[in-house]
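Hello,

Here is the structure I promised to pass on. My notes on what turned up follow below it.

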Amino acid sequence: MIKQRPPSCQANDKPHQEMILVGFKAKLRQSVFDAQDYYWDPWNEDDTDEARVRPSTLDQLWEDEQVQEEGTHSILDMHRMLRPGEDPDYGTVQPVQPAEAYRMAGTDRLTRTDVQAIEPLASRRWFGRCAVLHDAHGSPEEIYFWGFSGD
């Protein structure tokens, strides 16, 4: 299960949806890659004793055949943020909509205390969710990503 947070964000209107997208693509995925916080099998599948070196770029990572087949079991496996109304698919992240938040947590202004209530919204493999979490004053504070990448 992916549970990673980028720096502060804003709410759900269109300009802030773009902030979520930018945070997802430019910040979160790169920071996970830079920190090497993803699954990497250092051993070749041909059972040689030569360890594989981690790639130095995201492009090199996705050129690796083993990564293409097995993924990284991290946010790196999520390639696209869905817009409202789009259907979830392999490697996508779907933002929690206000109606879903209200149905699951009784509020459309989610906080960290609501995380457990919304976690069932991500139940499929190779698919993620994200939600804007608010502070005690109702101000947007962070983006929470979670889901399943891998088996």
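Predicted model: local features only at pLDDT ≥ 70, side-chain atom pairs only at ≥ 80, totals over all residues.

**Aromatic pairs and charges over rings**

There are three aromatic pairs in the structure. Rings of Phe, Tyr and Trp (its six-membered ring) pair if their centres lie within 6.5 Å; planes under 30 degrees apart count as stacked, over 60 as edge-to-face and the rest as tilted. Phe 33 and Tyr 38 form a stacked pair, because their ring centres are 5.8 Å apart and their planes meet at 5°. Phe 33 and Tyr 38 are both buried (under 20% relative accessible area; exposed is over 50%, partly exposed in between, with a 1.4 Å probe and protein chains only).

Tyr 90 and Trp 126 make a tilted pair, at 5.5 Å centre to centre and 35° between the planes. This pair links distant parts of the chain, 36 residues apart. Tyr 90 lies in the loop between strand 2 (80-81) and strand 3 (92-95). Trp 126 lies in the loop between helix 5 and strand 4 (127-134). Helices (H or I, at least four residues) and strands (E, at least two) are DSSP runs, numbered from the N terminus. Trp 126 counts as buried because its relative accessibility is 15%. Its phi is near 60°, a positive value in a residue other than glycine.

Arg 54 sits over the ring of Tyr 38, 4.6 Å from its centre. Arg 124 sits over the ring of Phe 127, 5.5 Å from its centre. The criterion is NZ of Lys or CZ of Arg within 6 Å of the ring centre and within 35 degrees of the ring normal.

Residues are numbered from 1 along each chain as its sequence is written, and side-chain values use heavy atoms, with hydrogens and water left out.

pLDDT is the predictor's confidence in each residue, from 0 to 100. The mean for the protein chain is 81, and 77% of its residues reach 70 or more. Among the elements, strand 1 (residues 2-4) has the lowest mean, 43. Helix 5 (residues 115-118) has the highest, 96. Over residues 1-13, pLDDT stays under 50. The model has 48 contacts (heavy atoms within 4.5 Å) beyond four places in sequence for that stretch.

**Overall layout**

The protein chain has five helices and five strands. From the N terminus on, the order is β-α-α-α-β-β-α-α-β-β. Of the 151 residues, 42% are buried. Among contacts between residues at least 6 apart in sequence, 55% join residues at least 24 apart.

Eight of the eight residues in strand 4 are buried. Both of its faces are covered. Phe 127, Arg 129, Ala 131 and Leu 133 are on one side. Gly 128, Cys 130, Val 132 and His 134 are on the other.

Two strands pair if DSSP finds at least two bridges between them. Strand 3 and strand 4 run parallel, joined by four bridges. Gln 94, in strand 3, has Arg 129 of strand 4 as its bridge partner. Gln 94 has a relative accessible area of 18%, so it is buried. Its contacts beyond four places in sequence include Leu 82, Glu 86, Pro 88 and Phe 127.

Strand 4 and strand 5 (residues 140-148) run antiparallel, with eight bridges. Ala 131 stands opposite Tyr 144 in strand 5. The two strands form a hairpin with five residues between them. Gly 138 in the turn has a positive phi of about 85°.

**Nonpolar cores**

A nonpolar core is a set of buried Ala, Val, Leu, Ile, Met, Phe, Trp, Tyr and Cys residues joined through side-chain atoms within 4.5 Å. The largest has 16 residues, of which Leu 61, Leu 76 and Phe 145 touch the most other members. Helix 1 (14-34), helix 2 (58-63) and strand 5 each supply at least two residues. Helix 1 gives the largest share, three residues.

**One more backbone point**

His 73 is not a glycine, yet its phi is positive, about 55°. His 73 lies in the loop between helix 3 (65-70) and strand 2. With a relative accessible area of 37%, His 73 is partly exposed.

Best regards
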